[in-house]
Amino acid sequence: MKAVSLFSGCGGSDAGVVATGFEVVMANDILPYARDVYLANHPETDYQVKDVSTIEHFPAADLLVGCYPCQGFSQGGLRDPNHKYNTLYIQFARALNQIKPKAFIVENVSGMVRQNFRHLLEDQLKLFREAGYKVKAEVLNAAHFGVAQERRRIFIVGIREDFNVEYQFPVRTHGGEGAEPTVTIRDAIGDLPEWPEGEFYSRDFHWYYMSRDRRNGWEDTSRTIVANPRHMPLHPMSPKMVKVQHNEWKFETDEPARRFTYREAARIQGFAKDFVFPETKPATLEMKYKVAGNAVPPPLFKAVAQALPNIWA
Ligand SMILES: C[S@@+](CC[C@H](N)C(=O)[O-])C[C@H]1O[C@@H](n2cnc3c(N)ncnc32)[C@H](O)[C@@H]1O
């Protein structure tokens, strides 16, 4: 089973695809450091660093996956329905029409279901249906699939019409009745050192950071891991935060506080313990946080890929 991956980043989605049994024959992104991290962990993939719109020919594949950027939709990003990033799904549709894989999976931020972005979501579903796919979309929370993090994302899954089957989204495996216990921050990072020098962003906690509660405890799931380290949630050994007034919080005590390291962020995203961040240029601290925070949690992507019907023979 072969897969082509677009907007591949450091390979969160693709780790899930590989764990499902696919070989990723081609991956693509514009970020050179994302490629370096990806190849340090999956050296067998042909990873092309270039703008997706410049790729003329995509290799044959059974599955196409892609998580086009979300700046236009995300709560943290620019809330502009016409943002230029919003049109990258057209590139995904171009690859879909060229490859005509048996199935495809798209991931994006859940903000896409909000009223003012709804037309963009509808346009994507329309393009994918016109390409000849039965398409379904659903918002899933990574915490329900064995990830120590509250992260709600929309998945769009399509199966080529000639198979005449409908995709069924996976049911939660963690944290519900009859399911396994939720994976906690302690489960994800409890074995890591408390003060790993050079691995956490140590600039001040600016007013915007202090405008909300940023800390969850060891036995909780984490708040959403983001790509910008300034907004990274607090490590649970940091003091609790207490509300002063609307949009103003403070630390309960003067004990030292710090954000999650990029390595902890990757663990909380569900990357394997031995996941490697190579020291290739430009391996800045910000770059490491960025690729880790941009990723799709591998266990979540794996759950979605594993729920595909057996159409591979
Ligand atoms: C949400 S991230 C993808 C994360 C990735 N799927 C993972 O799980 O690690 C979106 C990616 O799209 C890339 N990107 C943005 N514009 C692009 C373009 N024009 N061509 C190719 N990649 C692009 C960004 O650099 C970013 O890594």
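These are legends for a handful of close-up views of the structure above. The model is a predicted one, where local features need pLDDT of at least 70, side-chain atom pairs count only at pLDDT 80 or more, and totals for chains, interfaces and linings use all residues. Residues are numbered from 1 along each chain as its sequence is written, and side-chain values use heavy atoms, with hydrogens and water left out.

**View 1. Backbone atoms facing ligand oxygens.** A polar backbone atom of Gly12 sits 3.0 Å from an oxygen atom of the ligand. For Gly11, a backbone N or O atom is 3.3 Å from a ligand oxygen, and for Ser8 the distance from a polar backbone atom is 3.4 Å. On its own the ligand exposes 600 Å², and the protein buries 93% of that (Shrake-Rupley areas with a 1.4 Å probe; for residues, only the protein chains shown count as cover).

View 2. Gly12, Ser13, Asp14, Gly16, Val17 and Thr20 of α1 are buried (under 20% relative accessible area; exposed is over 50% and partly exposed in between, with a 1.4 Å probe and protein chains only). The buried residues of α1 pack against β1 (2-6), β2, α2 (32-41), β4 (63-66) and α8. Ser5 belongs to strand β1 and is buried at 1% relative accessible area. Its side chain makes a 2.8 Å polar contact with the side chain of Asp14; such a contact is a pair of N or O atoms within 3.5 Å, and within protein one must be able to donate a hydrogen and the other to accept it, while residues adjacent in sequence count only if both atoms are side-chain atoms.

**View 3. The largest nonpolar core, around Ile105.** This core has 58 residues, and Leu63, Ile105, Phe155, Phe277 and Leu308 have the most contacts inside it. A nonpolar core is a set of buried Ala, Val, Leu, Ile, Met, Phe, Trp, Tyr and Cys residues joined through side-chain atoms within 4.5 Å. Helix α8 (residues 298-306) gives the most to it, with five residues. Beyond four places in sequence, the contacts of Ile105 include Leu63, Phe155, Phe301 and Leu308, contact meaning heavy atoms within 4.5 Å.

View 4. Lys281 and Pro282 are joined by a cis peptide bond, with omega about 0°; Pro282 is in the loop between α6 (262-268) and α7 (285-294). Phe7 is not a glycine, yet has a positive phi of about 55°. Phe7 lies in the loop between β1 and α1 and is buried, at 13% relative accessible area. Asn164 also has a positive phi, near 55°, but is exposed at 58%, in the loop between β7 (152-160) and α5.

Notes: Helix = DSSP H or I, 4+ residues; strand = E, 2+ residues; numbered from the N terminus.
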